[in-house]
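Me: I have a model open and want to learn to read its surface. Can we go feature by feature?
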Amino acid sequence: MSFDNTAREPDQMFSLNRDLTGELEYPTKIARFSNVYHLSIHISKNFGAETTKIFYIGLKGEWTEAHRHEVTICNYEASANPADHKIDQIMPETHFIS
């Protein structure tokens with residue numbers, strides 16, 4: 001993520017409340033975060049202080065083992081091989097007109 005990406009529409013935006021005891025939880029859109037490998041958080045504002053201090057960000061959820069796909073070897077034909085496609089022999093009839 002770069003600062004250019006902060007202008008994009010976020011996957012989810014939170015309206016934060018001042019939380020001095022660290023007890024507030026903010027629900028996430030589960031469908032947006034079901035396969036997260038990397039998470040970037042952009043905090044654009046604070047509560048009027050000169051600096052922003054983050055003491056703790058807790059993420060909760062269920063861990064699932066990543067499913068890795070094995071390498072699949074595929075062959076594609078650029079043009080059909082006639083030996084692979086058996087069809088009945090078609091003999092055009094010749095008509096003689098006298």
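Me: Is Ile-41 buried, exposed or partly exposed, and why?
Reply: This is a predicted model. Ile-41 has 48%, so it counts as partly exposed.

Me: Why is Gln-12 classed the way it is?
Reply: Buried means under 20%. Gln-12 has a relative accessible area of 16%, so it is buried.

Me: What does Gln-12 touch?
Reply: Leave aside residues up to four places away in sequence, and Gln-12 touches Pro-27, Thr-28, Lys-29 and Phe-33. Its side chain also reaches the backbone nitrogen of Lys-29, at 2.7 Å.

Me: How many helices and strands are in the chain, and what share of residues is buried?
Reply: Zero helices and zero strands. Buried residues make up 1% of the 98.

Me: What is the accessible surface of the chain?
Reply: About 11,300 Å². Carbon and sulfur atoms account for 52% of that.

Definitions and conventions. Residues are numbered from 1 along each chain as its sequence is written. This is a predicted model: local features need pLDDT of at least 70, side-chain atom pairs count only at pLDDT 80 or more; totals for chains, interfaces and linings use all residues. Side-chain values use heavy atoms; hydrogens and water are left out. Buried means under 20% relative accessible area, exposed over 50%, partly exposed in between (1.4 Å probe, protein chains only). Helices (H or I, at least four residues) and strands (E, at least two) are DSSP runs, numbered from the N terminus. Accessible areas come from the Shrake-Rupley method with a 1.4 Å probe; for residues, only the protein chains shown count as cover. A polar contact is a pair of N or O atoms within 3.5 Å; within protein, one must be able to donate a hydrogen and the other to accept it, and residues adjacent in sequence count only if both atoms are side-chain atoms. Contact means heavy atoms within 4.5 Å.
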